[in-house]
Amino acid sequence: MVVASPTQVRDEKVQSVELPVIDLSASRSEVSGLVVKACQEFGFFKVINHGVSEDIISRMEQEGLNFFAKPANEKLQAGPANPFGYGCKNIGFNGDVGEVEYLMFNTNPVSISQRSKTVSGDPVKFSSVVSNYIDAVREMACEILDMMAEGMRVQDTSVFSRMIRDVDSDSILRLNHYPAIPILQNTRDPSASSPSYKVGFGEHSDPQILTVLRSNDVGGLQISLNHGLWVPVPPDPTAFWVNVGDLLQAMTNGRFVSVRHRALAISYKSRISMAYFAAPPLQARISAPPEMFTPIRPLLYRPFTWSEYKKAVYSLRLGDSRLDLFRIRGGDE
């Protein structure tokens, strides 16, 4: 859970682990198998040769950099994040904080257009850049979700992807900026356990179906494995990182892992990331396809709507577990 102040990170187990790297240009059957394996073992993987134009990516990053470089009083005109808009240090509504500032958008084009008026001096250009980026990463996310279904031999291979293709999808784009920590400018130790790191965005799992993340060349992202072991994620601005969300864990009946992760702010350089959170419509029914459960492996989670789950998310702290609230009594992973 995020602490109440940006406390330095100390005395934690940090270990480098070789994380899955998946080449999306390989054969579809090979990719689908690798994606399923990565989601079962890590809930997390890197994709290369992803087909998203570098121009689309760099334009989106530049718009984010332009906004975060503005004076504080100008940025505040785009806030407060409720939940969309500009937020600084405060994360959510229940007291979580971190060394981060961010912009949140609903991916609906009309919403983006309206929000852009408070973000950019050229809202038409900004809206176009954001929409182009969302279209590109959504398409990639849908392909990945379809390959997941294929790899698990689910007959309806669009069972996951059609939820985020839906016109009423509740997906989100969040731009994060983790400023360098001025008081620690003299420390350049890249060790993840060094006091030159503070909590940027605290430990949590993503509640949606799937997250597609791109960041610049600065480290700070970590995933949690084996009860408190933190694994640093090496930065790679040419790739995307994909992680399983809570809804996908429920829809795969616990077969996939909704990975817990965090972002650390470092002393010597700022980090910017762009996260696309793929979510279904609010009233979409979340349940596992029939191929995901058997008498030997019964359903772990009761059916629920994304609206129900979202309410649970907003009622809890960032680091709290939510899926347990929807677990069928007696279910066992």
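Is K46 buried or exposed in this structure? At 13% relative accessibility, K46 counts as buried, where buried denotes under 20% relative accessible area, exposed over 50%, and partly exposed in between (1.4 Å probe, protein chains only). The model is a predicted one, in which local features need pLDDT of at least 70 and side-chain atom pairs count only at pLDDT 80 or more, whereas totals for chains, interfaces and linings use all residues. Residues are numbered from 1 along each chain as its sequence is written, and side-chain values use heavy atoms, with hydrogens and water left out.

The sheet is considered first. Helices (H or I, at least four residues) and strands (E, at least two) are DSSP runs, numbered from the N terminus. Strands of a sheet pair through backbone hydrogen bonds, either parallel or antiparallel. Both senses are represented here: β1 and β2 are parallel and share 3 bridges, while β7 and β10 run antiparallel and are joined by 4 bridges. Within these pairs, D23 stands opposite I48 in β2, and L213 has W241 in β10 as its bridge partner. Strand β2 is largely enclosed by the rest of the structure, because 4 of its 5 residues are buried.

Contact means heavy atoms within 4.5 Å; axes are lines fitted to C-alpha atoms, for helices over the stretch in contact, and angles run from 0 to 180 degrees between N-to-C directions. Helix α5 also contains V124, which counts as exposed at 67% relative accessibility. The C-alpha atoms of V124 and Q114 are separated by 9.9 Å, the two residues being 10 apart along the chain.

Helix α4 (residues 109-119) has buried residues at I112, S116 and V119. These residues cover an arc of only 60° around the axis, which puts them on the same side of α4; the arc is that of the directions from the helix axis to the C-beta atoms. An α-helix has 3.6 residues a turn, so residues three or four places apart point the same way. V110 and K117 are exposed on the other side of α4. The packing partners of the buried residues of α4 are α2 (54-68), β4 (96-106) and α5 (123-151). At the start of α4, a side-chain oxygen of N108 comes to within 2.8 Å of the backbone nitrogen of V110.

The structure contains 17 salt bridges, each defined as a side-chain nitrogen of Lys or Arg within 4 Å of a carboxyl oxygen of Asp or Glu. One of them joins the side chains of K46 and D236 (3.0 Å, N to O). This pair links distant parts of the chain, 190 residues apart: K46 is in strand β2 (residues 44-48) and D236 in the loop between β9 (229-232) and β10 (240-244). D236 is buried, with a relative accessible area of 16%.

A further salt bridge connects K75 and E101, whose closest N and O atoms are 2.9 Å apart. Since K75 lies in helix α3 (residues 72-75) and E101 in strand β4, the pair ties together parts that are 26 residues apart in sequence. Both K75 and E101 are buried. In the salt bridge between K269 and D217, the closest N and O atoms are 3.3 Å apart. K269 counts as partly exposed at 38% relative accessibility, and D217 is partly exposed with a relative accessible area of 46%.

Finally, S169 is found in the loop between α6 (161-165) and β5. At 10% relative accessibility, S169 counts as buried. Leaving aside neighbours within four places in sequence, S169 is in contact with M163, I164, A279, P280 and P281.

Definitions and conventions. Polar contact = N/O pair within 3.5 Å; in protein donor to acceptor, adjacent residues only side chain to side chain. Pairing = 2+ DSSP bridges.
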